[in-house]
Amino acid sequence: MKKRQIQEINASSMADISFLLLIFFLVTTSMATDKGLSRTLPPPATNEEKKEDVEVNQRNIMLILVNSNDRLMVNGEMMDVNKLKDKAKEFIANPRNDENLPMKEKVNIPLLGGDCMVTTKHVISLQNDRGTSYQAYLKVQNELVAAYNELRDAKARDRFGRAFADLTKDEQDAVKDFYPQKISEAEPKNYGQVTGGAQ
């Protein structure tokens, strides 16, 4: 009796199909990308600015320290993180022209009516301990960004009658010139000795 041969399936094109499927999924899949925090650092000081009085420079800096226990110190005073936003708003805007808060300078912003008094040299300096938790770091960052956002939104509504997000790009740039975001971050260190009892 003659054996019947089973014909093998031709699999030579399977490699091509697999390759095409791989290319298809690579092209159509969106890759997750890391996103950083947008920060604009102040420009380097000129020789004339370096000669300014130390007290004048100090009033333009809001120093925020976060220790390894996630406790917050602002300009040498302990503070709850929930009060940080209001403190930052007062520092950035200096609404009463307080001599202990940043100096105001005349800046010409045509879309805001010409000459405006702005705290152009203010800097919020954030310094974290190496042991600071990521959650505490983000909470502080969110409060600082919220302070700028609320000030800009209030200015937009006051000047243009619309929320900041609804303004044109030129209008948004004008409001940003009035409230420039200046958050400086130092490399994390051990601030146990600096914060003293804050640990």
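**Exercise 1: Contacts and composition**

Task: Among contacts between residues at least 6 apart in sequence, determine what share joins residues at least 24 apart.

Solution. The model is a predicted one. Of the contacts between residues at least 6 apart in sequence, 66% join residues at least 24 apart. Of its 199 residues, 33% are buried. The protein exposes about 13900 Å², and 51% of this area comes from carbon and sulfur atoms.

**Exercise 2: The span of a helix**

Task: Check whether the span of helix H5 agrees with its 27 residues at 1.5 Å a residue.

Solution. Helix H5 covers residues 134–160. The expected span is 1.5 Å times one less than the number of residues, so H5 should span 39 Å. The end C-alpha atoms of H5 are 38 Å apart, which agrees with the expectation. After H5 comes Gly161, with a positive phi near 75°.

**Exercise 3: Positive phi in a loop**

Task: Locate Asn94 and decide whether Asn94 is buried or exposed.

Solution. Most residues other than glycine have a negative phi. Asn94, which is not glycine, has a positive phi near 45°. Asn94 is placed in the loop between helix H4 (84–93) and strand E4 (105–109). A residue counts as buried under 20% relative accessible area; the value for Asn94 is 0%, so Asn94 is buried. Asn97 also lies in the loop between H4 and E4, and its phi is positive, near 55°.

How values were computed. Residues numbered from 1 in each chain as written. Predicted model: local features only at pLDDT ≥ 70, side-chain atom pairs only at ≥ 80, totals over all residues. Heavy atoms only, no water. Buried < 20%, exposed > 50% of the residue type's maximum accessible area, 1.4 Å probe, protein only. Contact = heavy atoms within 4.5 Å. Areas by Shrake-Rupley, 256 points an atom, 1.4 Å probe, with all protein chains shown as cover. Helix = DSSP H or I, 4+ residues; strand = E, 2+ residues; numbered from the N terminus.
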